[in-house]
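This report walks through a structure for a reader who has not seen it before. Please look at the sequence and the model first.

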Amino acid sequence: MWPYPKVLAHRGGGTLAPENTIAALRCGLAYGFRAVEFDVMLSKDGIGVVMHDPDFGRTVAGQGNVARTPASDLVRKDAGAWFGPDFAGETVPLFTEYIDYCRSQGIWMNIEIKPVPGHEAETGRWVARKTRARFSEELRAGDVKAVPLLSSFSMAALAAAREAAPELPRACLFDTLPADWREQAAALDAVAIHTNQKHLTAALAAAVKAAGYGLFCYTVNAPERAAEILAWGVDGFCTDRIDLIGPVIHTDDAQRESLT
Ligand code: G3P
Ligand code: MG
C-alpha cells in the first residue's frame, strides 16, 4: 500500500536550504535523506521547472510569473540568494535536471504537480510524459519502489496525468479531506491520499487506511507529532526539519514514544 520511504525531505531539504534547488537535495543527502517531495510547474514555453510559487518575489527576485516567462530565462534566475549568501547563484532547476540528479543519487521522488492556475491539464500531461520517459526501465521491470509518485491538489492535473501515463502512480492532495475524497480518489485510480497533518484525526486516518489507500501527510516538523500520526496508521510524511526528524523511523519506536 505504501512501498515508499516513510520520511521525505519537503521541497528538497526542508528549511535548511533554499527550497526546490539542487542545493536542497545536496543538503538532504548530507542529512541522510534519499526521499524528497518537490513542486513542478510549466514555463511560458511549456517546460517543467522546479518551483513552488507561480509569481516571482519570494524565492526569485523581481516581478513576473512562471507561466509568462520562458524556461531559458527562468533557469538563469537566482533561487538561492533569498535564503542566504552561501546559496547565492543557485538557479531554478529544470524538472528534467532535478529528476536526473535524484536518479543519480538514488533519491526517491514524490513529484507534486503544481500548475500555475489555468494550466492544470497541460502541466499534468507534461509531467506524466516526462516522468514516464525517464523511468521507462523501472516501469518495465515493475520496480514500484523506484518509480516516483505523482501528487497534486489539482484533480484536473491528475486526470491529465492519468490519461497521458496511466501506469504512473497518483495521489490526491487535499488540505482538508473533502466529504467525497473516496469518490475523487477512485475516479483518478489513486494509490494514496496526501493531506495536511494539521487537520488529520485518528478517525480520518483509520477511514483512509480501511479504504485501502496509502496515507501521507505534509508537513510534520515535530517528532512527537510524527510519532502520533504514525501510530494512527499514517504511512509517510514530509518534513521541513530534517535536522530534527531523521530519514528512518521505525513504527514500533514511534508507537512506543507516543505512549510515553
Ligand atoms: O506535497 C505536499 C506539500 O508540499 C503541499 O503543500 O504548499 O508545500 O506544496 P506545499
Ligand atoms: Mg509541495
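The model is a predicted one.

**Two helices**

By that definition, Phe95, Thr96, Ile99, Asp100 and Arg103 of H3 meet Trp126, Val127, Lys130, Thr131 and Arg134 of H4. Sorted by class, the residues in this contact are 4 nonpolar, 2 polar and 4 charged. Helix H3 covers residues 95–105 and helix H4 covers residues 120–134; their axes come within 11 Å and cross at roughly 35°. The hand of the H3 and H4 crossing is right-handed.

**The ligand site**

Around ligand 1 stand His10, Arg11, Glu37, Asp39, His52, Glu112, Lys114, Phe153, Leu173 and Tyr218. This shell is made up of 3 nonpolar, 2 polar and 5 charged residues.

| Residue | Distance from a polar side-chain atom to an oxygen atom of ligand 1 |
|---|---|
| His52 | 2.7 Å |
| Glu112 | 2.8 Å |
| Lys114 | 2.7 Å |

Ligand 1 taken alone exposes 300 Å², and the protein buries 91% of that area.

**Backbone details beside the site**

Most residues other than glycine have a negative phi, and most peptide bonds are trans. Arg11 has a phi near 55°, a positive value in a residue that is not glycine. Arg11 sits in the loop that runs between strand S1 (7–10) and helix H1 (22–30).

Which form does the peptide bond from Tyr218 to Thr219 take, cis or trans? The bond is cis, with omega near -25°. Thr219 belongs to the loop between strand S8 (214–218) and helix H9 (223–231).

Note on methods: Residues are numbered from 1 along each chain as its sequence is written. Chains are lettered from A and ligands numbered from 1 in the order in which they are written. This is a predicted model: local features need pLDDT of at least 70, side-chain atom pairs count only at pLDDT 80 or more; totals for chains, interfaces and linings use all residues. Side-chain values use heavy atoms; hydrogens and water are left out. A residue is near a molecule or strand if one of its heavy atoms lies within 4 Å of it. A polar contact is a pair of N or O atoms within 3.5 Å; within protein, one must be able to donate a hydrogen and the other to accept it, and residues adjacent in sequence count only if both atoms are side-chain atoms. Accessible areas come from the Shrake-Rupley method with a 1.4 Å probe; for residues, only the protein chains shown count as cover. Ala, Val, Leu, Ile, Met, Phe, Trp, Tyr, Cys and Pro count as nonpolar, Asp, Glu, Lys and Arg as charged, and the others, Gly among them, as polar. Axes are lines fitted to C-alpha atoms, for helices over the stretch in contact, and angles run from 0 to 180 degrees between N-to-C directions. Helices (H or I, at least four residues) and strands (E, at least two) are DSSP runs, numbered from the N terminus. A crossing is left-handed if the near helix is turned anticlockwise from the far one by less than a right angle, and right-handed if clockwise. Contact means heavy atoms within 4.5 Å.
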